[in-house]
Amino acid sequence: MTVKPVGFDKVVTVDLAATWFRDGMTLMVGGFGGVGNPPTLIQSILDNNIQNITLISNDTAFPYIGVGKLITERRVKKVIASHIGSNPNAGAQMTAGELEVEFCPQGILAERVRAGGVGLGGILSDIGIGTIAEKGKSKVTVDGREFLLESPLTAEVAILHAKKADRYGNLVFDTSARNFNPLVAMAGDLTIVEVDEIVEVGELNPEEIITPGVFVDMIVQSEGVNWRWAWEK
Amino acid sequence: MGMGEVNKTESYRERIARRAAQEVKNGMIINLGIGIPTLVADFIPKETEVLFHAENGILGTGPTPEPGQENPMLCNAGGFPVTLVTGASFFDSATAFAIIRRGLLDMTILGVLEVSQKGDIANWIVPGKRVPGMGGAMELAQKAKKVLVTTTHLDKNGRSKIVRECNLPLTAKGSADLIITDMAVMEVREDGLYLIEVMHPYTVADVIGATEAELKIDGEVGVFE
């Protein structure tokens, strides 16, 4: 049975949040090259032996960093991403026919996530016209200019990282770990945020809040990054 | 090291970067790709004020922090820790690409697998072999005001990367403006690809002999020392 907090205090345990993880789920994850991936929630997906995930994420990070672990542990059957180059396991699984990969230009991926998150039916863009990125997309002419119709993306579960949340889920991000996180926060049917610091409602200055808590369903306390970064010696 | 100081042990990568830095003008907003483009920042004179854009959501990245001073959350798009310059800002990925698509990026510097004499760029996929994905390269190549390509002239099998037509799937059509290699500097114009400089000690004949694309010459060809 899955439960969601009712009311304005959305802080839950990781175990409670994990009851929403299912085999075969579509999972959207904020972050970029592992920076801004939620480590504790990703570990929970691994520990709960969740399989056959359709992953929507900017990239597949590195083999033992962030979402990269989901690839390395073969929990993902399909990924929609802009880049998989830093995780050789993703390339190897794709070549072996074990992982389906749908590539999307990075800024268009961001806008597709945003479109899903803000309730739009799609977006029009000229990025990738004249390349194989056109494949399978309708063309729409507006004022004589040709655009590709890009579909919106949502997911059953969205997980993300923020630096700070109040108990309602108002979010503040951490420098360049913001990246896809505010967009992913809007695009989950259920959005779970992992944060370094939880504060009481009223402690955040409304002017500094990047993601309003209304988009957030659950908040879990982060146990911190449980990997070494690629640049660390 | 500043511009004009020729380092005797300079690598070809550093020389390409030093030449590319000459294209950087005061007040530019610039995105640097991974590899040789990243080195360009080291060759921009102190008095030239620019802002570096990183597609993971920073305008105003600064030099690599001192060891021990890294903030793991504060990285460039290649995943390496950076610092910030005065006036820097953070934003989400949608805004990072709004800056690019809206045409606010004065220059991008990219590596390539192939670049054609018409300025077509291929840099994201070798079908069946190496498929890293396009990342932000399509937006950068298609929308930056000036697209500067830095690359080795030949691939590791000795074949020209400067070609008549790209064989690999394209990143963007007709987008390269200037191509800087370890052998030459070439400019894409309306009527073809022009050899404008050779890299010392290569000669015009060396460059033409090593290049699959048709190279045109208009007046004198410079030498970059």
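A crossing of two helices is called left-handed if the near helix is turned anticlockwise from the far one by less than a right angle, and right-handed if it is turned clockwise. The model discussed here is a predicted one.

1. The crossing of α5(A) and α3(B) is left-handed.

2. **Residues of the helix contact.** On the side of α5(A), the contact is made by Gln106(A), Gly107(A), Ala110(A), Glu111(A) and Arg114(A). From α3(B) come Ser93(B), Ala94(B), Phe97(B), Ile100(B) and Arg101(B). Sorted by class, the contact of α5(A) with α3(B) has four nonpolar, three polar and three charged residues.

3. **The contact between the chains as a whole.** Chain A contributes 37 residues to the contact and chain B contributes 33 residues. On the side of chain B that touches chain A, α3 and α4 (137–143) of chain B each supply at least two residues. Which element gives the most to this side of chain B? It is α3(B), with five residues. The side of chain B that touches chain A has 18 nonpolar, 10 polar and five charged residues.

4. **Chain A in outline.** Chain A holds six helices and 11 strands. For its 233 residues the globule rule gives a radius of gyration of 17 Å; the value for chain A is 18 Å, close to that figure, so chain A is as compact as a globular protein of that length. Along the principal axes, the C-alpha atoms of chain A fill a box of roughly 50 × 45 × 40 Å.

5. **An antiparallel sheet in chain A.** Three strands of chain A form an open sheet in the order β5-β7-β6, with antiparallel pairing. Why do β5 (123–125) and β6 (139–142) of chain A each have one side without a neighbour in the sheet? Both stand at the edges, each with a single partner strand, so one side of each is left without such a neighbour. On average, and with direction ignored, neighbouring strands of this sheet are turned by 45° against each other.

6. **Pairing within that sheet.** β5(A) is joined by three bridges to strand β7 of chain A (residues 145–150), and the two run antiparallel. Ile123(A) has Glu150(A) in β7(A) as its bridge partner. Leu124(A) stands opposite Leu149(A) in β7(A).

7. **The hairpin of β6(A) and β7(A).** Four bridges link β6(A) and β7(A) in the antiparallel sense. Within this pairing, Thr141(A) stands opposite Glu146(A) in β7(A). The hairpin of β6(A) and β7(A) has two residues between the strands, and Asp143(A) takes a positive phi near 50° there.

8. **A further positive phi in chain A.** Asn52(A), a residue other than glycine, also has a positive phi, near 55°. Where does Asn52(A) lie? Asn52(A) is found in the loop between α2 (39–47) and β2 (53–57) of chain A.

9. **Chain B in outline.** The secondary structure of chain B comprises five helices and 14 strands. A compact globule of 225 residues would have a radius of gyration near 17 Å, and the 17 Å of chain B agrees with this. The box filled by the C-alpha atoms of chain B, taken along the principal axes, is roughly 50 × 40 × 30 Å.

10. **A mixed sheet in chain B.** Three strands of chain B form an open sheet in the order β7-β6-β9, and the pairing is mixed. The edge strands, β7 (121–122) and β9 (162–163) of chain B, each pair on one side only. Strand β6 of chain B (residues 114–116) pairs with β9(B) in the parallel sense over two bridges. Val163(B) in β9(B) is the bridge partner of Ser116(B).

11. **A cis peptide bond in chain B.** The peptide bond from His200(B) to Pro201(B) is cis, with omega near 10°. Pro201(B) lies in the loop between β12 (192–199) and α5 (204–210) of chain B.

Conventions:
Residues are numbered from 1 along each chain as its sequence is written. Chains are lettered from A and ligands numbered from 1 in the order in which they are written. This is a predicted model: local features need pLDDT of at least 70, side-chain atom pairs count only at pLDDT 80 or more; totals for chains, interfaces and linings use all residues. Two residues are in contact if their C-beta atoms, placed from the backbone, lie within 7 Å. Ala, Val, Leu, Ile, Met, Phe, Trp, Tyr, Cys and Pro count as nonpolar, Asp, Glu, Lys and Arg as charged, and the others, Gly among them, as polar. Two strands pair if DSSP finds at least two bridges between them. Axes are lines fitted to C-alpha atoms, for helices over the stretch in contact, and angles run from 0 to 180 degrees between N-to-C directions. The radius of gyration is taken over C-alpha atoms; the globule rule is 2.2 Å times the number of residues to the power 0.38.
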